[in-house]
Amino acid sequence: MVKQIRRVKIGSLFLGGNEPVLIQSMTNTKTSDLKATLNQINSLYLAGCEIVRVAVPTKDDVLALKTIVANSPLPVVADIHFNYLLAIAAIEAGVHKVRINPGNLGGTDNLLSVAKAAKGRAAIRVGVNSGSLPQNKIDLINAGRLTRAEAMAETAKEYSDFLDDNDFHDIVVSLKASDVSTTIAANRKFRTLTDIPLHLGVTEAGTLFSGTVKSAVGLGTLLMEGIGETIRVSLTADPTEEIKVAKEILKACGIRRLGVNVIACPTCGRTNINLAELAKSVEKMVESITEDITVAVMGCAVNGPGEAREADLGIAGGKGEGLIFVGGEVVEKAPEAELLKRFQFHLGKVIEEKRNDRQQ
Ligand code: SF4
């Protein structure tokens with residue numbers, strides 16, 4: 001396992017070194033539609049996205065990049081396939097990184113031209129997907145001499161070695177498969193080979209539900225092993241959903257504290273309040289709070305107070321009423337209809353105290 005990961009600049013941020021694992025997403029607008037794209041970038045930013053990627057399949061999209069970069073609150077990555085000239089034009093327009101698959105750029109001369117244009121201006125993400133391996137690697141897989149994951153890792157290593165050998169070092173690599181175990185194996189393998197930061201993702205992960213599960217398993221496994229410097233959760237859904245899932249994965253892995261950690265009991269025969277609704281409302285209430293706190297929403301007074309005591313703030317339901325805990329102490333008993341309002345009141349006080357503590 002490579003211990004020290006190379007630090008690569010992406011706009012005002014860095015990947016690798018001792019930097020936190022960054023969250024990214026991709027717009028699904030036509031990039032040339034400036035208004036729609038910038039609106040979506042803003043929504044992503046407000047949701048907690050840290051790097052944004054836009055697809056650049058046409059010249060019209062390249063023309064939009066200058067304005068997008070100038071107005072984006074986030075570093076911008078251009079996603080380019082097939083046309084190395086579009087990659088160079090995107091770099092000239094000021095993007096902070098280009099995502100390319102060197103295998104479909106039309107040869108190493110073209111890759112070198114992109115690297116020359118990017119030198120000192122933008123990073124390059126070398127993207128290798130399981131479905132787009134070079135023929136020599138496919139032959140080795142078919143001959144049983146390489147697994148698909150090994151072939152992906154080796155391919156990415158060859159491309160990144162080529163860039164390093166040509167004095168271009170601001171490299172990030174992604175190795176994606178729609179199959180979770182191949183994604184995990186390919187990233188594990190690559191991490192043993194180089195110090196290059198890894199962008200993690202499970203490609204074509206699926207809809208909100210199945211994509212969340214696949215990403216949590218795939219990305220979570222790697223992150224828990226210390227592998228991965230930036231993540232993108234791919235979902236067939238509004239891109240802001242990707243950010244929510246990415247944050248939860250990072251929180252669950254204990255890698256980053258990103259706002260409020262909500263714990264809720266699964267409910268059982270002892271539950272006498274509408275806990276599912278209450279938990280949903282609490283989750284919504286704390287969605288945009290950035291303070292590092294834990295809140296517990298528990299169904300009853302059996303385990304409830306115990307869990308709620310561990311949290312900064314908690315609710316333990318009773319029969320048509322509930323207890324509110326702050327810092328392990330019961331501060332109030334409220335009827336079910338009032339519970340959420342009273343909880344919000346105490347939440348405000350807890351956050352205020354946290355902010356005051358920070359300022360001291
Ligand atoms: S906290 Fe109470 S209601 Fe919730 S699962 Fe545990 S025992 Fe059941």
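## The kink in helix α2

In this predicted model, helix α2, which spans residues 59–71, has a kink of about 35° centred on L65. L65 is also one of the buried residues of α2, a group that is made up of D61, V62, A64, L65 and I68. The elements that cover these buried residues include α1 (34–47), β4 (51–55), β5 (76–79) and α3 (84–92).

## Strand β4 and its two partners

Strand β4, part of the cover over α2, is itself mostly covered, with four of its five residues buried. On one side β4 is joined by three bridges to strand β3 (residues 22–26), and the two strands run parallel; within this pairing, S25 has V52 of β4 as its bridge partner. The chain passes from β3 through α1 to β4, and the β-α-β crossover made in this way is right-handed.

The pairing of β4 with β5 is likewise described by bridges, four of them, in the parallel sense, and here R53 stands opposite V77 in β5. The kinked helix α2 is the helical part of this step, as β4, α2 and β5 make up a right-handed β-α-β unit.

## The closed barrel

Strands β3, β4 and β5 belong to a barrel that eight strands close with parallel pairing, in the order β3-β4-β5-β6-β7-β8-β9-β10. Neighbouring strands of this sheet are turned against each other by 25° on average, when direction is ignored.

Helix α7 (residues 180–193), for its part, lies across β8 (171–176) and β9, and runs at about 150° to β8.

Most residues other than glycine have a negative phi. Against that background, F82 has a positive phi of about 70° although it is not a glycine, and T267 has a positive phi of about 70° although it, too, is not a glycine.

Both of these residues are found in loops, F82 in the one between β5 and α3 and T267 in the one between β11 (261–264) and α10 (275–286). F82 counts as exposed because 12 other C-beta atoms lie within 10 Å of its own, and the limit for that class is 12 or fewer. T267 has 16 other C-beta atoms within 10 Å and is therefore partly exposed.

The protein is divided into domain 1 (8–252) and domain 2 (261–359), and the centres of the two domains, taken over C-alpha atoms, are separated by 39 Å.

R342 is placed in helix α12 (residues 336–359). Because R342 has 17 C-beta neighbours inside 10 Å, this residue counts as partly exposed. When its neighbours within four places in sequence are left aside, R342 is in contact with I324, E332 and A334. By contrast, the C-alpha atoms of R342 and I243, which are 99 residues apart along the chain, are separated by 29 Å.

Methods: Residues numbered from 1 in each chain as written. Predicted model: local features only at pLDDT ≥ 70, side-chain atom pairs only at ≥ 80, totals over all residues. Buried ≥ 20, exposed ≤ 12 C-beta atoms within 10 Å, placed from the backbone. Contact = placed C-beta atoms within 7 Å. Bend = angle between axes of the 7 residues up to and from the residue. Pairing = 2+ DSSP bridges. Right-handed = clockwise from strand over helix to strand, strands pointing away. Domains from an automatic or database assignment. Axes fitted to C-alpha atoms, helices over the stretch in contact; angles between N-to-C directions.
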